[in-house]
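Please read the following explanation alongside the sequence and the model.

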Amino acid sequence: MNLQPVPELQHRTVLLEEAVDALAIAGERANGIYLDGTFGRGGHSRAILSRLGPQGRLIAFDKDPLAIATAQKIDDARFEIVHDSFATMDEALAARGIAQVDGVLMDLGISSPQVDDAARGFSFRLDGPLDMRMDTTRGVSAAEWLATADEQQIAKVIRDYGEERFALQIAKKIVAGRAIEPISSTRQLAALVAQAVKTREKGKDPATRTFQAVRIFVNQELEELEVGLDKAFAQMAQHGRLVVISFHSLEDRIVKQFMASKAHAPQPDRRLPIRAVDLPQAPARLLPRVMPSTDEVTANPRARSAVMRGLERVTPVSSTTTQGAPA
């Protein structure tokens with residue numbers, strides 16, 4: 001797919017100041033190394049650069065070719081963009097001889113230019129090719145997957161990633177519909193879902209959950225999130241911070257459980273005579289949860305579901321256990 005930038009599509013960065021504040025880029029830490037796991041249209045990256053010292057460094061990641069094109073316009077020797085998922089951060093850092101970082105920010109939301117560009121196929125409100133890939137240069141599109149997946153596979157994805165109670169009915173409609181003609185557009189998929197979903201919450205389109213589910217599956221978003229969280233914490237220097245903004249319950253549950261596990265110390269065998277001073281320390285401490293203000297939601301309704309969570313590593317990397325207690 002040959003994508004061209006669409007200038008009129010603008011993106012409002014959610015929790016911009018709050019997220020960058022949480023990274024605590026000040027003093028000696030201003031000359032540290034930071035990662036922006038999801039460059040998007042660069043709101044967070046530009047804010048981080050504005051706080052970095054002259055020796056600071058920011059490495060950003062994104063899978064979207066248009067995001068990469070935007071990032072390449074940033075003329076700052078402290079900045080570098082990597083065209084790949086944040087789940088590959090360990091490889092990227094190793095290639096640059098970097099052992100530890102001082103902060104990682106992940107904004108998991110899909111950007112407004114992606115949603116509002118019909119050519120990307122993310123929105124059921126706009127008719128366009130049924131693509132949904134974050135990286136249009138690789139991988140299988142939504143249309144290609146729906147053309148070959150069996151009914152049970154489709155139902156499982158819609159149920160698990162969309163939390164859709166009509167998943168089986170929708171899958172049956174999709175399989176029946178593709179037998180008549182290929183499902184190649186967003187309008188076709190939305191119409192099939194509407195036929196299968198007879199009731200829905202007031203003001204919510206019947207296709208909302210299905211489109212979310214297929215997008216998450218096509219881009220392996222939850223799998224990459226789990227990998228990325230592990231790798232981010234493994235690369236974190238002492239007092240380094242991990243900040244994540246999520247936009248739906250599936251993401252937030254993964255982030256919450258991961259961070260809770262790092263904020264609990266492993267429990268030793270109670271039968272052993274261990275002094276309190278020798279008890280293992282939790283690898284990290286949780287930062288306060290942050291939600292968008294009423295003013296931000298009014299100005300940008302897409303911020304309404306955002307949740308920001310963070311943690312700070314408190315123990316040196318060498319003394320941190322690899323796994324904490326479950327949440």
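A residue is called buried under 20% relative accessible area, exposed over 50%, and partly exposed in between, with a 1.4 Å probe and protein chains only. The model is predicted, so local features need pLDDT of at least 70 and side-chain atom pairs count only at pLDDT 80 or more, while totals for chains, interfaces and linings use all residues. Residues are numbered from 1 along each chain as its sequence is written, and side-chain values use heavy atoms, with hydrogens and water left out.

The confidence comes first. pLDDT is the predictor's confidence in each residue, from 0 to 100. Its average over the protein chain is 90, and 89% of the residues score at least 70. Contact means heavy atoms within 4.5 Å. Where pLDDT is low, the predicted coordinates should not be read in detail.

Next, the chain as a whole. It holds 13 helices and seven strands; helices (H or I, at least four residues) and strands (E, at least two) are DSSP runs, numbered from the N terminus. Of the 327 residues in the protein chain, 52% are buried. Among contacts between residues at least 6 apart in sequence, 69% join residues at least 24 apart.

Helix α2 (residues 43-51) has the buried residues His44, Ser45, Ala47, Ile48 and Leu49. The elements that cover them include α1 and the strands β1 (33-36), β2 (57-62), β3 (79-83), β4 (101-107) and β5 (236-246). 

Two helix pairs can be described by their axes, which are lines fitted to C-alpha atoms, for helices over the stretch in contact; angles run from 0 to 180 degrees between N-to-C directions. Angles under 35 degrees count as roughly parallel, over 145 as roughly antiparallel, 65 to 115 as roughly perpendicular and the rest as oblique.

The axes of α7 (151-162) and helix α10 (residues 208-219) come within 8 Å and cross at roughly 100°. The two helices are therefore roughly perpendicular. On the α7 side the contact is made by Val157, Ile158, Tyr161 and Gly162, and on the α10 side by Arg209, Thr210, Gln212, Ala213, Ile216 and Phe217. By class, this contact has six nonpolar, three polar and one charged residues. Here Ala, Val, Leu, Ile, Met, Phe, Trp, Tyr, Cys and Pro count as nonpolar, Asp, Glu, Lys and Arg as charged, and the others, Gly among them, as polar.

Helix α8 (residues 167-180) packs with helix α9 (residues 186-196) at an angle of about 130°, their axes 8 Å apart. The pair α8 and α9 is therefore oblique. In this contact, Gln169, Ile170, Lys173, Ile174 and Gly177 of α8 meet Leu189, Leu192, Val193, Gln195 and Ala196 of α9. The residues of the contact of α8 with α9 divide into six nonpolar, three polar and one charged.

Two residues stand out by backbone angle. Most residues other than glycine have a negative phi. Leucine 15 is not a glycine, yet has a positive phi of about 50°. Leucine 15 sits in the segment before α1 (16-22) and is buried, with a relative accessible area of 0%. Glutamate 163, also not a glycine, has a positive phi near 50°. Its place is the loop between α7 and α8, where glutamate 163 is partly exposed at 36% relative accessibility.

Glutamine 220, in the loop between α10 and α11 (221-234), is partly exposed at 30% relative accessibility. From C-alpha to C-alpha, glutamine 220 is 9.9 Å from arginine 133, and the two are 87 residues apart in sequence.

Phenylalanine 258 belongs to helix α12 (residues 249-262) and is buried, with a relative accessible area of 10%. Its C-alpha lies 8.4 Å from that of aspartate 230, which is 28 residues away in sequence. Not counting residues up to four places away in sequence, phenylalanine 258 touches Leu229, Asp230, Phe233 and Leu242.

Alanine 263 lies in the loop between α12 and β6 (284-290) and is partly exposed at 22% relative accessibility. Beyond four places in sequence, alanine 263 touches Ala282, Ala284 and Leu286.
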